[in-house]
Amino acid sequence: MAIGSGLGAQLGIAAETTYGTFKAPTQFIEFTKESLALKKTTAQSAGIAAGRLLALSSRRVVTRREAQGTVDIEVTNLGMGLLIQALMGTSVTPAKLATSTAYQQTHTLADTRGKSLTIQKGVPLTNGTVTAKSFTGCKVTSGEFECEAGGMLTGSFEFDGKDCDEAQVLAAASYSNMRPFHFGQMALKTGAFGSEVALDGIRKVSCKIERPQDVERFYANQSALKKEPVANDQVKISGSLETDYVATTLDDLHTSDGATSLVWEFTGALIETTYFETFRITLPAVKLDEGPPVVDGFGVVKPTFNYTGLYDGTNQPKIEIISTEATL
């Protein structure tokens, strides 16, 4: 029996072979908060019958079923591949680095068609019994990362799902020895693509990648369930850089509306030889929307620069992971 509170909860994920078809969880992720829930649309018959004062319960029908919600995590050295693949779209096979035990995942921005997850959560009753809710056809509609001085690198993933299945057996959770990435490992670099240099004065960074999709594909012959969402707008990338005003590098880019490549990376423990645990986001072209410095008191000037990620015409945004995982 589990603990009868959130302490006994679990979250398992698996990449689906077919959209919306349950796949037993293969990985279990540590999460800080989730809001995955079944969303149903109902209709109530309004037929008039002599003397009937209240609508009949038997005349209420469910016309649509779907699932929605978010999962918040601390980004760790292991177990991130499936989530990042579902966000970015590229089918990734980790590449072995030389003869070491290190493997690199390169998740380049691509269409997310065919990239859906089954997410099974275990929710404990107060008596310790854990109920299983399996959300199928989970497509990532946005992923946001953030890290500030003294904090962990966190991620928040928003999902749109096809259905919630409560008939599946709860998988037995098991966890790798994960280590979180944090501010002490953080570096931010800007400059020409491929030759970015470290930027001083950075206190907090965020990056949000939105994957707009048509999530209203409800058709006849689908038993009130949707077909796989498809992209219906361009990807949107945005974020912010909270700084101390130690140099005019970002200020000048704001003034000129010039583009710069942005590399945001975290370097963890040594794996082997020259290879370290790494989580890296590369945006080949960003432009600063607002954030010129203003003086609002006696303290250090602390501008926050908001940015938009764009296409440089050659290189796509990507997220790279270096770990000991040979598979996602």
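User: Which strand holds T136?
Analyst: T136 belongs to strand β9, which covers residues 130–148. Please note that this is a predicted model.

User: Is T136 buried or exposed?
Analyst: T136 is buried, because its relative accessibility is 5% and the buried class takes residues under 20%.

User: What is T136 in contact with, leaving aside its neighbours within four places in sequence?
Analyst: The contacts of T136, with those neighbours left aside, are E16, G20, F22, L117, T118, G161, K162 and D163. One of these residues, L117, is 19 residues from T136 along the chain, and their C-alpha atoms are separated by 6.5 Å.

User: Another threonine, then. Where does T190 lie?
Analyst: T190 is part of strand β12, residues 186–191. T190 has a relative accessible area of 5% and is therefore buried. Leaving aside neighbours within four places in sequence, T190 contacts E196, V197, L199, T249, T260 and S261.

User: On to E277. Which strand is that in?
Analyst: E277 sits in strand β19, which runs over residues 275–290.

User: Why does E277 count as buried?
Analyst: E277 counts as buried because its relative accessibility is 7%, and the limit for that class is under 20%.

User: Which side chain does E277 join in a polar contact?
Analyst: The side chain of E277 is joined to that of R179 by a polar contact of 2.3 Å. Not counting residues up to four places away in sequence, E277 touches R179 along with N77, F181, F266, T267, G268, A269, I271 and I322.

User: Let us turn to the helices. How many residues of α1 are buried?
Analyst: Helix α1, residues 81–88, has 8 of its 8 residues buried, and is described as mostly covered. The buried residues are G81, L82, L83, I84, Q85, A86, L87 and M88. The residue that follows α1 is G89, with a positive phi near 105°.

User: And which residues of α2 are buried?
Analyst: In helix α2, residues 249–256, the buried residues are L250, D251 and L253. These cover an arc of only 160° around the axis, so they are on the same side of α2.

User: Why would residues three or four places apart point the same way?
Analyst: An α-helix has 3.6 residues a turn, so residues at that spacing point the same way.

User: What covers the buried residues of α2?
Analyst: The cover includes β14 (202–210), β17 (236–243), β18 (260–272), β19 and β20 (304–310). On the face of α2 turned away from its buried side are the exposed residues T255 and S256. D257 follows α2 and has a positive phi, near 55°.

User: Where do A224 and T273 lie?
Analyst: A224 is in the loop between β15 (213–214) and β16 (230–231), while T273 is in the loop between β18 and β19. A224 is partly exposed, because its relative accessibility is 22%. T273 has a relative accessible area of 57% and is therefore exposed.

User: Which residues line the largest cavity?
Analyst: The lining consists of L199, D200, T243, D244, Y245, V246, A247, T249, L250, D251, P303 and F305. Helix α2 gives the most to this lining, with 3 residues. By class, the lining has 7 nonpolar, 2 polar and 3 charged residues.

User: And how much space lies in the largest pocket?
Analyst: The largest pocket contains about 200 Å³ of space. L109, Q234, V235, I237, G309, L310, Y311, Q316 and P317 line the largest pocket.

User: What classes do those pocket residues fall into?
Analyst: The lining of the largest pocket divides into 6 nonpolar and 3 polar residues, with no charged residues.

Definitions and conventions. Residues numbered from 1 in each chain as written. Predicted model: local features only at pLDDT ≥ 70, side-chain atom pairs only at ≥ 80, totals over all residues. Heavy atoms only, no water. 1 Å grid on protein atoms, 1.4 Å probe; cavity = no way out; pocket = protein on both sides within 12 Å on 5 of 7 lines; lining within 4 Å. Points joined across faces, edges and corners; volume = space filled by probe spheres on them. Nonpolar A, V, L, I, M, F, W, Y, C, P; charged D, E, K, R; others polar. Helix = DSSP H or I, 4+ residues; strand = E, 2+ residues; numbered from the N terminus. Buried < 20%, exposed > 50% of the residue type's maximum accessible area, 1.4 Å probe, protein only. Polar contact = N/O pair within 3.5 Å; in protein donor to acceptor, adjacent residues only side chain to side chain. Contact = heavy atoms within 4.5 Å. Arc of directions from axis to C-beta.
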